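Have the sequence and the model open side by side while reading.

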Amino acid sequence: MAALQQTPITFQSRSPPPTQLITGTVAKISFSGGLKLPKLTLKLRSKRTSRRGRGGGVLGAKMADSAAGSYALALADVAKSNETLEQTTADLEKIEKIFDDDAVYDFFVSPIVSEEKKRELVDEIVSSTGIQPHVANFLNILVDMKRIELIKDIVKEFEKVYNTLTDTELAVVTSVVKLESQHLAQIAKGVQRLTGSKNVRIKTVIDESLVAGFTIRYGNSGSKLIDMSVKKQLEDIAAQLEIGDIQLAV
């Protein structure tokens, strides 16, 4: 890791796109419908259901404790059955970015917007992102069952299922600018050594308040933190000197 501190680095933002608030009629969002999708049946597991094998047992019990967990497990079952787990994960990452826009999320959860209009927007999302039919149908099911407000939680729960099924450790790397790929690869190898996981997935986040350097959060629900930021170093110095926050001249 020491080598990373000596090498100039650049970063790319993974922060959500600029937020757009709906202040007037929802008709400001354009639609393009017409996409016909095959029906998809999801088998939602009850909270008492116990499964053996990969994806079952303790994981199944914990995930089924919430509605979002139940939907995530159901979608994972579909993805495993048609051998599209990797692509389904990629599709959900696209959906996560779309629903990070408050205007999109507010549109789908609005009680005054008809289900027909919501399905039309799903069609537009499918057309623009190229997500798989079973993922598109999953969105339509959430709209029909009036559970689309769970989509953000479902994405998070699905990620947990994926990580467990594939023995993958998620590491969130936060920095001021985009780290280059070779630096991220070094970080991934370091996290792999620390955790013993077969695979490591890196997510990047931009936080200008770090001043320089980066942080790595991993472990169960991000419980472990490696802080190599200048902000942390300044806070440590301030604590040792028993003074207030150190302000940098810009």
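This is a predicted model: local features need pLDDT of at least 70, side-chain atom pairs count only at pLDDT 80 or more; totals for chains, interfaces and linings use all residues.

Which residues of α4 are buried? They are Leu-85, Thr-88, Thr-89, Asp-91, Leu-92, Ile-95 and Phe-99. Seen down the axis of α4, these buried residues fall within an arc of 160 degrees, so they line one face of the helix. A residue counts as buried here when its relative accessible area is under 20%. The cover over the buried residues of α4 includes helices α3 (67-81), α5 (102-109), α7 (133-144) and α8 (151-165), together with strand β2 (199-206).

One of these neighbours can be followed further. Two packed helices are described by the angle between their axes and the distance between the axes. For α4 and α8, the axes come within 10 Å and cross at roughly 150 degrees. The two helices are therefore roughly antiparallel to each other, since angles over 145 degrees count as such. The crossing of α4 past α8 is left-handed. On the α4 side, the residues that meet α8 include Leu-85, Leu-92, Ile-95 and Phe-99. On the α8 side, the partners include Ile-151, Val-155, Phe-158 and Leu-165.

A second pair is α5 and α6, the latter spanning residues 115-129. Their axes come within 9 Å and cross at roughly 140 degrees, and this crossing is left-handed. Phe-107, Phe-108 and Val-109 of α5 meet Lys-117, Lys-118, Leu-121, Val-122 and Ile-125 of α6.

Helix α7 holds Asn-137. Is Asn-137 buried or exposed? Asn-137 has a relative accessible area of 7% and is therefore buried. Between Asn-137 and Arg-119 there are 18 residues in sequence and 9.8 Å in space, C-alpha to C-alpha.

Now the whole chain. The protein chain has ten helices and four strands, and from the N terminus on its elements run α-α-α-α-α-α-α-α-β-α-β-β-β-α. Of its 250 residues, 40% are buried. Among contacts with a separation of 6 or more, 72% join residues 24 or more positions apart.

Technical notes: Residues are numbered from 1 along each chain as its sequence is written. Side-chain values use heavy atoms; hydrogens and water are left out. Buried means under 20% relative accessible area, exposed over 50%, partly exposed in between (1.4 Å probe, protein chains only). The arc is that of the directions from the helix axis to the C-beta atoms. Contact means heavy atoms within 4.5 Å. Axes are lines fitted to C-alpha atoms, for helices over the stretch in contact, and angles run from 0 to 180 degrees between N-to-C directions. Angles under 35 degrees count as roughly parallel, over 145 as roughly antiparallel, 65 to 115 as roughly perpendicular and the rest as oblique. A crossing is left-handed if the near helix is turned anticlockwise from the far one by less than a right angle, and right-handed if clockwise.
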